[in-house]
Amino acid sequence: MAIQGPIPISFDQVFPHGCYLVGQVEQVKDFDASTNGRTVYAKDKTTGEPVWQVPVMDADPTVKASQKTVAVKILSSTEPPLPPAVPGLPITPVEFVGMTVTPYVGQTGRLAYSLRATGMRPPRAKQAPAGKEAAA
């Protein structure tokens, strides 16, 4: 099979309605390698980069409440900076770059997905579909 490992995917495919930060960036712990009093942090098996994660809320109104918050892991040698807060909004919109998805079977026996990215930034302005002009 030609597909092996993480599958490249666009941010717009994962979060077509966008997403919002609902927590801070944290370095992911390697629970298998850590011992009492000695914390070891996870590194990506392919790149060797440290792994960070940030919780986000999917803005899709059709997603069930129990599935709205997901963690996106970010591969970066340094802690990824959060995008600046938007005045007047209680949560910060975010967009991820260099995204991949890895499907796996979770503990419940159901299909689940691991989302990874190489960085995050403030959302880009959405482009109007071709052939549609902005209202004057």
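User: Where is the place of Ser66?
Analyst: Ser66 sits in the loop between β4 and β5, where strands are DSSP runs of E with at least two residues, helices are runs of H or I with at least four residues, and both are numbered from the N terminus. This is a predicted model, in which local features need pLDDT of at least 70 and side-chain atom pairs count only at pLDDT 80 or more, while totals for chains, interfaces and linings use all residues. Residues are numbered from 1 along each chain as its sequence is written, and side-chain values use heavy atoms, with hydrogens and water left out.

User: Is Ser66 buried or exposed?
Analyst: Ser66 is exposed, because its relative accessible area is 67%; exposed means over 50%, buried under 20% and partly exposed in between, with a 1.4 Å probe and protein chains only.

User: And how many Å apart in space are Ser66 and Val56?
Analyst: From C-alpha to C-alpha they are 13 Å apart, and in sequence Ser66 and Val56 are ten residues apart.

User: OK, how do β4 and β5 pair?
Analyst: β4 and β5 (residues 69–75) pair in the antiparallel sense over seven bridges, and two strands are said to pair if DSSP finds at least two bridges between them. Within this pairing, Met57 stands opposite Thr69 in β5.

User: What about β2, which strand does it pair with?
Analyst: β2 (residues 19–21) pairs with β4 (residues 51–58), in the antiparallel sense and over three bridges, and the bridge partner of Cys19 in β4 is Asp58.

User: And how many bridges join β3 and β4?
Analyst: Two bridges join them, again in the antiparallel sense, with β3 covering residues 26–27, and here Gln27 stands opposite Trp52 in β4.

User: How much of the protein counts as buried?
Analyst: Of its 136 residues, 30% count as buried. The C-alpha trace spans about 65 × 40 × 30 Å along its principal axes.

User: What about contacts between residues at least 6 apart in sequence?
Analyst: Among those contacts, 62% join residues at least 24 apart, a contact being heavy atoms within 4.5 Å.
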